[in-house]
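I opened this model to look up its charged pairs, its sheet and its aromatic rings. My entries follow in that order.

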Amino acid sequence: MLNATRAASGTIIAEPEPIDLDWSATALVIIDMQRDFMEPGGFGETLGNDVGQLARAVLPIASVLMAARDRGMLVIHTREGHLPDLSDAPPAKVARGAPSLRIGDPGPMGRILIRGEAGHDIIPELYPVEGEIVIDKPGKGAFHATALGDILQKHGIDNLLVCGVTTEVCVNTTVREANDRGYRCVVISDGCASYFPEFHEMGLKMIKAQGGIFGWVADSDAVLEAMQAETSNSNLAAGASR
Ligand code: C5J
């Protein structure tokens with residue numbers, strides 16, 4: 001249940017402390033909600049993971065995504081993956097671990113973690129709509145070898161609401177990259193998930209520890225409350241000036 005009084009000015013009730021954002025300079029970044037990580041037969045499962053652990057993030061992300069679309073916020077989806085010839089895949093990444101299938105091998109959803117294959121695409125529940133930006137990234141961080149920085153700068157973005165999978169890998173790496181570039185990141189706790197629940201918890205703690213060394217953490221309800229409060233304030237201000 002949302003409580004608009006708790007976030008009367010559009011401030012997000014976050015940890016380690018509330019954060020007041022300029023919402024016109026805020027984007028929603030959804031990290032790697034791809035079939036390859038979320039569904040059986042993809043990259044995540046070939047590494048030996050229980051992909052069912054990630055499903056809990058879908059509904060919270062969907063609710064924030066809907067609110068972001070309603071208010072015309074910049075929405076960016078990312079996808080981790082590689083070119084079909086693997087020219088952008090470091091051999092050290094392809095060779096790592098002992099997966100049942102390696103990056104580029106044929107699997108039930110097409111070649112594992114390869115752009116254009118069914119497994120590489122975003123899950124239907126969160127599929128991008130026209131106008132939303134999709135960043136294809138070869139690394140764990142969304143800034144490495146992509147145009148994300150230029151796109152954010154072009155749109156005048158200073159703040160990022162970040163969610164997706166997995167908390168301790170691509171979400172954490174992206175938040176650290178963004179923090180070093182001067183962005184304020186609010187990580188949506190229930191909009192992230194890991195194959196390892198304890199890594200999810202620690203991944204969030206690492207972000208908000210030491211006074212928010214990499215960013216802020218808030219749940220989806222707190223983000224929605226703040227969005228709703230800010231919209232009400234804007235509508236009131238528009239009404240008063242008529
Ligand atoms: C991983 C990701 N875990 N999106 N990728 O390899 O977190």
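**Salt bridges**

I counted a side-chain nitrogen of Lys or Arg within 4 Å of a carboxyl oxygen of Asp or Glu. The model is predicted, so I note the limits: local features need pLDDT of at least 70, side-chain atom pairs count only at pLDDT 80 or more, and totals for chains, interfaces and linings use all residues. Residues are numbered from 1 along each chain as its sequence is written, and side-chain values use heavy atoms, with hydrogens and water left out.

I checked Glu15 and Lys208: their closest N and O atoms are 3.1 Å apart. This pair links distant parts of the chain, with Glu15 in the segment before strand 1 and Lys208 in helix 7 (residues 197-212), 193 residues apart. Helices (H or I, at least four residues) and strands (E, at least two) are DSSP runs, numbered from the N terminus. Glu15 is partly exposed at 42% relative accessibility. Lys208 is also partly exposed, at 22%. I used these classes: buried under 20% relative accessible area, exposed over 50%, partly exposed in between (1.4 Å probe, protein chains only).

Next I looked at Glu230 and Arg71, whose salt bridge is 2.4 Å, N to O. Glu230 lies in helix 8 (residues 220-240) and Arg71 in the loop between helix 3 and strand 2, so the pair ties together parts 159 residues apart in sequence. Glu230 counts as buried at 18%, while Arg71 is partly exposed at 27%.

I also noted a network of salt bridges that links Arg79, Asp121 and Asp136.

I traced an open sheet of six strands, order 5-2-1-6-7-8, with parallel pairing. Two strands pair if DSSP finds at least two bridges between them. Strand 5 (133-137) and strand 8 (216-218) are the edges, each pairing on one side only. Six bridges join strand 6 (residues 159-165) to strand 7 (residues 184-193). Leu160 stands opposite Cys185 in strand 7.

**Aromatic rings**

How many aromatic pairs are there? I took rings of Phe, Tyr and Trp (its six-membered ring) with centres within 6.5 Å; planes under 30 degrees apart are stacked, over 60 edge-to-face, the rest tilted. The count comes to three. Phe37 and Phe43 form an edge-to-face pair, 6.0 Å centre to centre, with 80 degrees between the planes. Phe37 and Phe43 are both buried.
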